[in-house]
Every structure is written in C-alpha cells, then in structure tokens.
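Please read this briefing alongside the sequence and the 3D view. It is meant for someone meeting the structure for the first time.

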Amino acid sequence: MIVQKENKVLRENAGNVADIDTAEVKTVIKKMAEAMFKEPDGIGIAAPQIGESLRIFLVAGEVVSSTSEELRQKEKMDDQIYLTFINPVFKKVSAKKNKDVEGCLSVRGIYGEVTRPEKVTIEYFDEHGKKHSRGASGLFARVLQHEMDHLEGTLFIDKAKNIHKIKAEMP
Ligand code: CO
C-alpha cells in the first residue's frame, strides 16, 4: 500500500542502508516493486512511500533512456523491469534547467509544474551492493530527482507551480 501525503514518514529524512545484502532489504524492494507496478502510472517509487524510512528508490525500466547491460540482463528474466537505487548521491547536476508536469503516487489527483536540472550524474548501490555511476537526462533525470526528494522528506507539491487537481482518475 502506498502511503499518502498526510503520513509523517513522507516528511522524514530517510536513513542510509547500512547492510544492503540482507533479507530485510530484499523484502522492502520487493514490496516497493509490487506497489509501483500495481499503479498504471507508476514510473518510480521511494521506500518512504511504503512506510520504510530508508534511502532506497526504484525507477521503472521504461523511463531509463540509456541502453544498459544491467537492464538487458533483467529483461531476460522478468517483464517488470526496474533499476534499484540504494544510498544514492548526486555527483553532478546541470546548471541548465527545464520545467515539466509531475504527479506522485503519494499525492493522488494533483499535478503541477516543477523546474529541475536537465541532467544529473548519480552514484548509487544496486540491490547486490555493487556501486554504479550513471548520467541521466530527460524524464529519467526528472524521476531520479523526484525520488531523491522523497528521501529528504520533500514532496513535489512543495516546489510545484500551477498546481491543479483532477477530479477523476483516468482508468
Ligand atoms: Co513521488
């Protein structure tokens, strides 16, 4: 179940994962993936959104623009493809910014325009504890920043302009 914006866990500074290769962390990741893929518009999810104040987020494979060996390996195994980011840190963000509409699985029915750096370089550990560094642009870069904000207790509505509600969800 995805916690909604009134829940205090979404406002906490999430804790680093001390030991990645544990059954507990695997369980958290599995629950996150299930929650994300249950939502037709789920392209990313952060651990606080399932009530776990940990520095973990997932990004759905459809958003990952680069052709990555890591993703190709996963595509062979499963049709629900995602990348796992544990203890992520931005190493670079571009000075150039762009603006786009965002929503959030924890802020249902509300959308707004958020201005963010266009490109980022992120360092993180995967679910096996292997360290990676990758660059991202476009929607991928935006999702990384949206999810990173969740780990800092920030929601997109804190930053968004032209916030609007939609009355009914699309099917
Ligand atoms: Co969100």
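This is a predicted model: local features need pLDDT of at least 70, side-chain atom pairs count only at pLDDT 80 or more; totals for chains, interfaces and linings use all residues.

Residues are numbered from 1 along each chain as its sequence is written, and side-chain values use heavy atoms, with hydrogens and water left out.

**The cobalt site**

- The cobalt ion is coordinated by Cys104 (SG), His146 (NE2) and His150 (NE2) at 2.1 to 2.2 Å, where donors are N, O and S atoms within 2.8 Å of the metal (3.2 Å for Na, K and Ca), and sites may look incomplete because water is not among the atoms.
- Along the chain, the donors of the cobalt ion follow the spacing C-x41-H-x3-H.
- Cysteine 104 lies in strand β4 (residues 97–104) and histidine 146 in helix α3 (residues 138–151), so this pair ties together parts that are 42 residues apart in sequence; helices (H or I, at least four residues) and strands (E, at least two) are DSSP runs, numbered from the N terminus.
- Cysteine 104 and histidine 146 are both buried, a term that means under 20% relative accessible area, with exposed being over 50% and partly exposed in between (1.4 Å probe, protein chains only).

**Salt bridges**

- The count comes to 14 salt bridges, each being a side-chain nitrogen of Lys or Arg within 4 Å of a carboxyl oxygen of Asp or Glu.
- Aspartate 158 forms a salt bridge with arginine 11, with the closest N and O atoms 2.7 Å apart.
- Aspartate 158 lies in the loop between α3 and β8 (161–165) and arginine 11 in the segment before α1 (23–38), so the pair ties together parts that are 147 residues apart in sequence.
- Aspartate 158 is partly exposed at 42% relative accessibility, and arginine 11 is partly exposed at 40%.
- Arginine 116 forms a salt bridge with aspartate 149, the closest N and O atoms being 3.0 Å apart, and this pair links strand β5 (residues 107–117) with helix α3, 33 residues apart.
- Both arginine 116 and aspartate 149 are buried, and they belong to a network of salt bridges that links Glu102, Arg116, Arg142, Asp149 and Lys159.

**Threonine 84**

- Threonine 84 lies in strand β3 (residues 82–93) and is buried, with a relative accessible area of 0%.
- Leaving aside neighbours within four places in sequence, threonine 84 is in contact with residues including Ile29, Phe57, Tyr124 and Asp126, contact meaning heavy atoms within 4.5 Å.
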